[in-house]
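Here's a structure to walk through helix by helix. Have the viewer open and follow along.

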Amino acid sequence: PLDTLLRSQLEKAIYEAALHRDDELIARRRIIDKWDQIDVAAELGWYRGAVAAHEKYILERVAQVARQLYTNPS
């Protein structure tokens, strides 16, 4: 569902997801900027595996918020 959204919609979904600061940075870098996990890990000073572990929750949360924001109720 995130692939079809505009950049402004992605930014709003990330903001509305109310993520922790580091998780919001991961979301922005991975979803909007299309960075690799290793590059995000280097920026944060984390291991790539730590970014991967956080990413699963982040992507689910942002997708959930995006559905709430941009899906027409039936």
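What follows looks at how the helices cross and then at the nonpolar core. Keep in mind that this is a predicted model.

Let's start with helix α4, residues 48–70, and its crossing with helix α2, residues 21–32. Their axes come within 10 Å, at an angle of roughly 80°. Anything from 65 to 115 degrees counts as roughly perpendicular, so that's the label α2 and α4 get. On the α2 side, the residues that meet α4 are D23, I26, A27, R30 and I31. Facing them from α4 are V51, H54, E55, Y57, I58, L59 and V62. Sort the residues of this contact by type and you get 8 nonpolar, 1 polar and 3 charged.

Now slide over to helix α3, residues 37–44, whose axis comes within 8 Å of the α4 axis. Here the crossing angle is roughly 105°, and α3 and α4 are therefore roughly perpendicular too. Q37, I38, V40 and A41 are what α3 brings to the contact, while α4 supplies R48, V51, A52 and E55.

The largest nonpolar core has 19 residues, and L2, I31 and V62 are the ones touching the most other members. Helices α1 (7–16), α2, α3 and α4 each give two or more residues to this core, with α4 providing the largest share at 6 residues.

Finally, zoom in on L2. Setting aside neighbours within four places in sequence, L2 contacts L10, I31, L59, V62, A63 and A66. Two of those names, I31 and V62, also turn up in the contact of α2 with α4.

How values were computed. Residues are numbered from 1 along each chain as its sequence is written. This is a predicted model: local features need pLDDT of at least 70, side-chain atom pairs count only at pLDDT 80 or more; totals for chains, interfaces and linings use all residues. Side-chain values use heavy atoms; hydrogens and water are left out. Axes are lines fitted to C-alpha atoms, for helices over the stretch in contact, and angles run from 0 to 180 degrees between N-to-C directions. Helices (H or I, at least four residues) and strands (E, at least two) are DSSP runs, numbered from the N terminus. Angles under 35 degrees count as roughly parallel, over 145 as roughly antiparallel, 65 to 115 as roughly perpendicular and the rest as oblique. Contact means heavy atoms within 4.5 Å. Ala, Val, Leu, Ile, Met, Phe, Trp, Tyr, Cys and Pro count as nonpolar, Asp, Glu, Lys and Arg as charged, and the others, Gly among them, as polar. A nonpolar core is a set of buried Ala, Val, Leu, Ile, Met, Phe, Trp, Tyr and Cys residues joined through side-chain atoms within 4.5 Å. Buried means under 20% relative accessible area, exposed over 50%, partly exposed in between (1.4 Å probe, protein chains only).
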